[in-house]
Amino acid sequence: DKETNYLIISITPYTFLSYILLFIFNKKVFVYLRSDGHEEYKAILGFLGPIIYNLMFRLVTFKSRIITCQKRLFIKRKCELVFPSELDSSWQKNNRKPSLDKPRLLYVGRIKIEKGIFSLLEIFSKVDVDLNLTVAGRIEKSLPENNKVSFIGHVQGYQKLIEVYDSHNIFILPSFTEAHPKVLDESLARERPVIIFEDIKHVIQDREGIFVSKRNEKSLLETINFIIKNYSKIQEKMQKNKLPTKQDFISKLSNILSSN
């Protein structure tokens, strides 16, 4: 069916080959850019990474209609801006008051080099103050032991995930590259402040409650201490955030895909 539209969510070797077939058969293709693949491939493969990705990127975006979660990802021509989200009304109900007896940090995401988790674990190995870090995500290989770090594996189901957010007082995203990470909105919906590193400070946009740290022990501890001391004021500002919802995301994406 020549009227069928196809959506490529990310540019990988697999989707690149899929695009080639769709192009050959003259199909209408939409590409949704969710992250900066040049930066991701560099973190994974070194200097060759951006070269490999750039080749796929140029070919896949050549005649496709582009959707993106951040305009900086595609500036060559007009594109549609759609923010990904998993939030529904449940995420902003019955917010639990956090315990502030000590910093209880949480990371939710893939255990991959580009996500900066190994860099964060190295920083935590040097920390000598009373705090904890919980890592939620599938573990594919052994990780260094640290009595300040707990690994709880993949959290299944949004209700359990909400409980995990609520049992911590700070969320940390140590990624080297991101565009619009959904975990930030999840944490902000539960009124938990967020720490990121300078590499991805562009993700803040107009959201309150996100703080930027340098990627070292001293700066991270200073940022954590500031948040704990000013927690109530920070939460008041966070309540003004207008966060994207799952329904908004689906509706906007569906409208674009069904348009001519």
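What is the volume of the largest pocket? In this predicted model, the largest pocket has a volume of about 1100 Å³. Its lining is made up of 40 residues. Of these, Arg34, Gly109, Arg110, Lys115 and Lys182 lie nearest the centre of the pocket.

Several elements of secondary structure take part in this lining. Those that give two or more residues to the lining of the largest pocket are the strand β2 (28-33) and the helices α2 (37-45), α5 (158-166) and α6 (182-189). The most is given by α2, which supplies four residues. Sorted by class, the lining of the largest pocket holds 18 nonpolar residues, nine polar residues and 13 charged residues.

A packing of two helices was also examined. Helix α1, formed by residues 13-24, packs with helix α3, formed by residues 48-60. The angle between the two is about 30°, and their axes are 10 Å apart. Because angles under 35 degrees count as roughly parallel, α1 and α3 are therefore roughly parallel to each other. The crossing of α1 and α3 is left-handed.

The contact involves named residues from both helices. On the side of α1, Pro13, Phe16 and Tyr19 take part, and these meet Met56, Leu59 and Val60 in α3. By class, this contact of α1 with α3 consists of six nonpolar residues, with no polar and no charged residues.

Methods
Residues are numbered from 1 along each chain as its sequence is written. This is a predicted model: local features need pLDDT of at least 70, side-chain atom pairs count only at pLDDT 80 or more; totals for chains, interfaces and linings use all residues. Side-chain values use heavy atoms; hydrogens and water are left out. Axes are lines fitted to C-alpha atoms, for helices over the stretch in contact, and angles run from 0 to 180 degrees between N-to-C directions. Angles under 35 degrees count as roughly parallel, over 145 as roughly antiparallel, 65 to 115 as roughly perpendicular and the rest as oblique. A crossing is left-handed if the near helix is turned anticlockwise from the far one by less than a right angle, and right-handed if clockwise. Contact means heavy atoms within 4.5 Å. Ala, Val, Leu, Ile, Met, Phe, Trp, Tyr, Cys and Pro count as nonpolar, Asp, Glu, Lys and Arg as charged, and the others, Gly among them, as polar. On a 1 Å grid over the protein atoms alone, a cavity is a set of points where a 1.4 Å probe fits but cannot get out, and a pocket is an open set with protein on both sides within 12 Å along at least five of seven lines; lining residues have an atom within 4 Å of a point. Grid points are joined across faces, edges and corners, and a volume is the space filled by probe spheres set on the points.
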